[in-house]
Amino acid sequence: MGSLLLRHIDTLVTCDDEDRVLRQVDLLAEDGFIRQIAPGLDVPADEVIDCTGMLCYPGLVNTHHHLYQCFSRNLPQVQNLELFDWLKALYDIWKNLDQEAVRLSSLTAMGEMMKHGCTTCFDHHYVFPRDAGDLIGVQLAAAGELGMRMVSSRGSMDLSVKDGGLPPDSVVQTIDEILADSARLIEAYHDPSPGSMRQIVLAPCSPFSVSGELLRQSALLARQYGVRLHTHLCETRDEERYTLDRYGLRPLAYMEKLGWTGRDVWFAHGIHFNDQELRLLAETGTGVAHCPASNMKLSSGVCRLPEMLELGVPVGLALDGSASNDGNSLLEELRTAYLLHRLHSSERAPSGYDLLRIATRGGAAVLGRTDIGSLEAGKCCDLFLVDSGRLELVGSCLDPKNLLATVGLRNAVDYTVVHGRVTVRQGRLTAVDERQLAAQANACCLAYLHKQ
């Protein structure tokens, strides 16, 4: 894989256990891992980058996304809808997904993420139209092309409208079909080794689109194979009413009954937990993917992030799908989270650096990874670099730990490095021609949106 030497880094924010900020250092990576961070590393390397004046941060970790939704963002017919009605409207589009739409939407969304410092993406894909092909395989191939570290889920739905769920019949499957394909994907693609570039998670969609039996069997299968579990939970009051009416239980109690708590489980959104439920999450080590922009757009509510952090609930930052966020920048999400919680919680709100740690170390922990999330010897060389001399950063670099949340960064980063490979150079993706990809993706998107 080769070696990479970053010379003369002005400021390196480690996000390590001691929260160190290092000045005027070099970083040496070999075979994807950081070997040394120190001043004056005069060693040969396959690639050397002069980082004079650069700020260096750990790569951001996105803990919940729907890459395919990049082809259904900013649609006028779903503006101002809340979650259940929004989903019903969009399923009529999503039921037409095929391999090419998934490939190009994945390249587009991950490319945008990578240009904004994201190095690891978890994607929750749960829409599998009949005869659509190996959508997860296509998605992982797109990640490999870009150089993104990818955690992909075998999502699922087995309750259609006729069963009391939301999706149409054409995108739901039987439990046997789902479990068989889940096992196939784990055996074909899951790599648990340190530095792994691709892993598989089992992720039934939500309590209102899957049966209790599918949730139970998915948990058993995941633990048999040693992979993690994920689903949407406590996103809206509608979901709360659904589980109370149908099962006589609040959403978390329902999931706990089915074996869905523990250090191998994390939930997307987690807005409407009560005090007792927050304590249960902390006691069991069950994680939450915080999606502030999506939660605001769909009027779902505000996650109780300050209380989660006080109790020690594992929390990562997440974009959610592009159709409920309309963007793919985790840097923008970081600043959105900071401002939202300052407004909502005042002095109890997490600091800008707290949120950076959530977006790096927190995300790594939620995904069960100890090899990413901070910059220190032995960890994967996942990072991004920003030129401190940019006009938009004038006067802001005295506090580099808080900068990304307080001042923010709207434009692309200068460099992104994933597992020691430069994937963004001078703000442009290195593996693809961006204009050519945009043209192909736009053509595919228009054809997909007009399918009947």
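Colleague: How many of the residues of strand β5 (residues 54–58) are buried?

Modeller: This is a predicted model, and the reply rests on computed accessibility. One side of β5 carries M54, C56 and P58, the other L55 and Y57, and both faces are covered. The strand is largely enclosed by the rest of the structure, because the number of its residues that are buried is 5 of the 5.

Colleague: In which sense does β5 pair with strand β14 (residues 383–387), parallel or antiparallel?

Modeller: The two strands are joined by 5 bridges. Within this pairing, L55 stands opposite V386 in β14. The sense of the pairing is antiparallel.

Colleague: Which residue stands opposite C56 in β5?

Modeller: Strand β1 (residues 3–13) is joined to β5 by 2 bridges. These two strands run parallel. The residue opposite C56 is L12.

Colleague: Turning to the helices, are α4 and α5 roughly parallel or roughly antiparallel to each other?

Modeller: Helix α4 (residues 175–189) packs against helix α5 (residues 212–225) at an angle of about 20 degrees, and their axes are 11 Å apart. Angles under 35 degrees count as roughly parallel. The relation of α4 to α5 is therefore roughly parallel.

Colleague: What is the handedness of that crossing of α4 and α5, and how many nonpolar residues does the contact have?

Modeller: The crossing of α4 and α5 is right-handed. On the α4 side the contact includes I175, I178, L179 and I186, which belong to the set that meets residues of α5, among them L214, L221 and Y225. Of the residues in the contact of α4 with α5, 3 are polar and 2 charged, while the nonpolar ones number 8.

Colleague: How many charged residues does the contact of α12 with α13 have?

Modeller: α12 passes α13 in a right-handed crossing. L334, A337 and Y338 in α12 meet G352, L355, L356 and A359 in α13. By class, this contact of α12 with α13 has 6 nonpolar residues and 1 polar, and the charged residues number none.

Colleague: Is E240 buried or exposed?

Modeller: E240 is found in helix α6 (residues 237–247). Leaving aside neighbours within four places in sequence, E240 is in contact with R250, P251 and H272. A residue counts as buried under 20% relative accessible area. With a value of 13%, E240 is therefore buried.

Colleague: What is the relative accessible area of G111?

Modeller: G111 lies in helix α2 (residues 99–115). Beyond the neighbours within four places in sequence, G111 is in contact with S106, L146 and L429. G111 is buried, with a relative accessible area of 2%.

Colleague: How far apart in space are E240 and G111, C-alpha to C-alpha?

Modeller: For another pair, G111 and T286 are 175 residues apart along the chain, and their C-alpha atoms are separated by 30 Å. E240 and G111 are 129 residues apart in sequence. Their C-alpha to C-alpha separation in space is 35 Å.

Note on methods: Residues are numbered from 1 along each chain as its sequence is written. This is a predicted model: local features need pLDDT of at least 70, side-chain atom pairs count only at pLDDT 80 or more; totals for chains, interfaces and linings use all residues. Side-chain values use heavy atoms; hydrogens and water are left out. Axes are lines fitted to C-alpha atoms, for helices over the stretch in contact, and angles run from 0 to 180 degrees between N-to-C directions. Helices (H or I, at least four residues) and strands (E, at least two) are DSSP runs, numbered from the N terminus. Angles under 35 degrees count as roughly parallel, over 145 as roughly antiparallel, 65 to 115 as roughly perpendicular and the rest as oblique. A crossing is left-handed if the near helix is turned anticlockwise from the far one by less than a right angle, and right-handed if clockwise. Contact means heavy atoms within 4.5 Å. Ala, Val, Leu, Ile, Met, Phe, Trp, Tyr, Cys and Pro count as nonpolar, Asp, Glu, Lys and Arg as charged, and the others, Gly among them, as polar. Buried means under 20% relative accessible area, exposed over 50%, partly exposed in between (1.4 Å probe, protein chains only). Two strands pair if DSSP finds at least two bridges between them.
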